[in-house]
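Please keep the sequence and the model in view while reading.

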Amino acid sequence: MNAYVPEEDILSKEPMWKHTTFRVGGEADCFVRISSPSQLAGLIPRLKENKIPWFIMGNGSNLLVGDKGFRGVILQIGSKMGALSTEGSRIRAGAGALLSAAAKYAMEQGLSGLEFASGIPGTVGGGVMMNAGAYGGEMKQGVKEVTILNDQGEILTLDNASMEFGYRTSVIKNRPFVVIGALLKLIPGNKEEIFEKMEELAGKRREKQPLEYASAGSTFKRPEGYFAGKLIMDAGLKGHRVGGAMVSEKHCGFVINTGTATAADIAQEIWEVQERVRDKFGVTLEKEVIFLGDF
């Protein structure tokens, strides 16, 4: 591994609670901070060849790592691959750039279209992979093309149509592709108006979401024809707890860490919510959160 990654970017027995917005999770055997596509292209085939489990992560905002950790290698695409640059009304964003940083950068350039993403805690790579969205906006509206690494170590470019964007999904979720970056096609606008829109959405988030607690944002996808939060509330689960994990009293679509939760608490809370809603309404809530490692 040292042939590809500086020693200071390879961490052994790294506590994953440091890297997830749930603030829980045991140790990963190995945690690697990735700074270039060539590192990934060198590492992934070697991990596969040696049958070592590996997982690509960004900001850890959609991830629940088990209390016993992950027996394998975590490859983090973070700030070292987070460059932002402008090409006319387009922004080229590295996969490790935070969506909030990309939205702020767009505002500073007088470019509109990313306001919805200003409060999403994930990275551009994760946002593209899951077609992240909020307040009527989603990534597919602004993505012109996505640069990916395939499992052969080749760097390819996919246009918007090839991304097969859907509700909280894309071709990246179903194929062995890793997002390297994206070219975002935005609309010239007024900086002050863009800033005001971002502030308005931030106010709505503060009012309606339990931002004071560690969480992974919306825990469940929106079931067709329903709202997850309302189903959970109507099932009598507002404030329902398992250990330190709780269904938020502010927004029932959020399972939160009240400060003392374990990953097992959060997982159990999610399962109990799914079971109760299924029993009461016959609706299966699909979780947005990715479970990883040993619980």
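In helix α2, which spans residues 99-108, the buried residues are Leu99, Ala102, Ala103, Tyr105, Ala106 and Met107; buried denotes under 20% relative accessible area, exposed over 50%, and partly exposed the range in between, with a 1.4 Å probe and protein chains only. Helices (H or I, at least four residues) and strands (E, at least two) are DSSP runs numbered from the N terminus. The model is predicted: local features need pLDDT of at least 70 and side-chain atom pairs count only at pLDDT 80 or more, whereas totals for chains, interfaces and linings use all residues. Residues are numbered from 1 along each chain as its sequence is written, and side-chain values use heavy atoms, with hydrogens and water left out.

The cover over the buried residues of α2 includes β6 (84-87), β7 (90-94), β8 (111-112), α3 (124-129) and α5 (191-208), where contact means heavy atoms within 4.5 Å. Just after α2, Gly110 adopts a positive phi of about 70°.

Two of these covering elements, β6 and β7, belong to an open sheet of five strands, ordered β6-β7-β13-β11-β12 with antiparallel pairing; two strands pair if DSSP finds at least two bridges between them. At the edges lie β6 and β12 (155-159), each of which pairs on one side only. From one strand to the next, the twist averages 20°. Within the sheet, β7 pairs with β13 (residues 178-185) in the antiparallel sense over five bridges, and Gly94 stands opposite Gly181 of β13. Helix α2 packs on this sheet, touching β6 and β7, and its direction makes about 35° with that of β6. Axes here are lines fitted to C-alpha atoms, for helices over the stretch in contact, and angles run from 0 to 180 degrees between N-to-C directions.

Helix α5 has 18 residues and reaches 26 Å from its first C-alpha to its last, close to the 26 Å expected at 1.5 Å a residue; the expected span is 1.5 Å times one less than the number of residues. Its buried residues are Ile194, Met198, Leu201 and Arg205. These four lie on the same side of α5 because they cover an arc of only 65° around the axis, the arc being that of the directions from the helix axis to the C-beta atoms. An α-helix has 3.6 residues a turn, so residues three or four places apart point the same way. The face of α5 turned away from the buried side carries the exposed residues Glu192, Glu193, Glu196, Arg206 and Glu207. Among the elements covering the buried residues of α5 are α2, β8 and β9 (133-134). At the start of α5, a side-chain oxygen of Asn190 comes to within 2.9 Å of the backbone nitrogen of Glu192.

Ser215 is located in strand β15 (residues 214-215) and counts as buried because its relative accessibility is 12%. Leaving aside residues up to four places away in sequence, Ser215 touches Thr21, Phe22, Phe254, Val255 and Ile256. The side chain of Ser215 also reaches the backbone nitrogen of Gly217 at 3.0 Å.

Two further residues concern backbone geometry. Tyr135, in the loop between β9 and β10 (137-138), has a positive phi of about 50° although it is not a glycine; with a relative accessible area of 36%, Tyr135 is partly exposed. Glu164, in the loop between β12 and α4 (171-174), likewise has a positive phi of about 50° without being a glycine, and at 53% relative accessibility Glu164 counts as exposed.

Note on methods. A polar contact is a pair of N or O atoms within 3.5 Å; within protein, one must be able to donate a hydrogen and the other to accept it, and residues adjacent in sequence count only if both atoms are side-chain atoms.
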